[in-house]
Amino acid sequence: MDEFAQFLIRHCSPTLAGLKTGNLFAYPVDESKDPETFIRLWNKELEEKGIQLRILRKSERKALIYVYRVSRLQNVLQEEKAEQILKKYGYAGMNTEECMQHLSLRCENFSCFPHEIGLFLGYPIHDVEGFIEYGGKNCRMCGCWKVYCEEESAKRTFALYEKCRRIYSRLFLQGKSIRQLTVSL
């Protein structure tokens, strides 16, 4: 479980800190590492903090794990622009669980990430729209996501996420638990 906790700190600190809707990471799978077990354990551990973990796609070698703040995702899914984008990709309802099931199906059927995944990760809607419109090309800047508008704001956000990762990594190495580092919202 320690290795899984290190993955959470390395890849999900901004979500754990309450700065971001969600994060993704690929976790290696073998006989000694059962991601479903880790997911169940961490969901019990972090549920009261408003965090959920979910496997979006799994192969013989790795599992794609989505860590998210339920309330923040619900807020994103209720935005009119987000709803319009998601409907284009076959999302029927804006119920969080239905959207998660559909996202999982789309991840299973895509060789790369479905374009709308940026909404689930908390990227600005105008950048998700730009990514979809330009097929991931012609961005003004690339960092945690491809930026099509508001570069200065994105730079500040990228710096904030990186600072959060450094602080959380240091605190974790000093003995703070994931539970202690996870902000309740």
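Where is K20 found? K20 sits in the loop between α1 (2-16) and β1 (22-28), with helices (H or I, at least four residues) and strands (E, at least two) taken as DSSP runs numbered from the N terminus.

1. Ground rules. This is a predicted model, where local features need pLDDT of at least 70, side-chain atom pairs count only at pLDDT 80 or more, and totals for chains, interfaces and linings use all residues. Residues are numbered from 1 along each chain as its sequence is written, and side-chain values use heavy atoms, with hydrogens and water left out.

2. K20 and charge. K20 is buried but has no salt bridge; D127, the nearest side chain of opposite charge, is 12 Å away. Buried means under 20% relative accessible area, exposed over 50%, partly exposed in between (1.4 Å probe, protein chains only). A salt bridge is a side-chain nitrogen of Lys or Arg within 4 Å of a carboxyl oxygen of Asp or Glu.

3. What K20 does touch. Its side chain reaches the backbone oxygen of L121 at 2.9 Å, and a polar atom of that K20 side chain lies 2.5 Å from the backbone oxygen of G22.

4. R179 and E48. These two form a salt bridge, with the closest N and O atoms 2.6 Å apart. R179 is in helix α9 (residues 178-181) and E48 in the loop between α2 (35-46) and β2 (51-58), so the pair ties together parts 131 residues apart in sequence. R179 is partly exposed at 29%, whereas E48 is exposed at 61%.

5. K155 and E152 form a salt bridge at 3.3 Å between the closest N and O atoms; both lie in helix α8 (residues 151-173), three residues apart.

Key. Lys and Arg count as positive and Asp and Glu as negative; His and the chain ends are not counted. A polar contact is a pair of N or O atoms within 3.5 Å; within protein, one must be able to donate a hydrogen and the other to accept it, and residues adjacent in sequence count only if both atoms are side-chain atoms.
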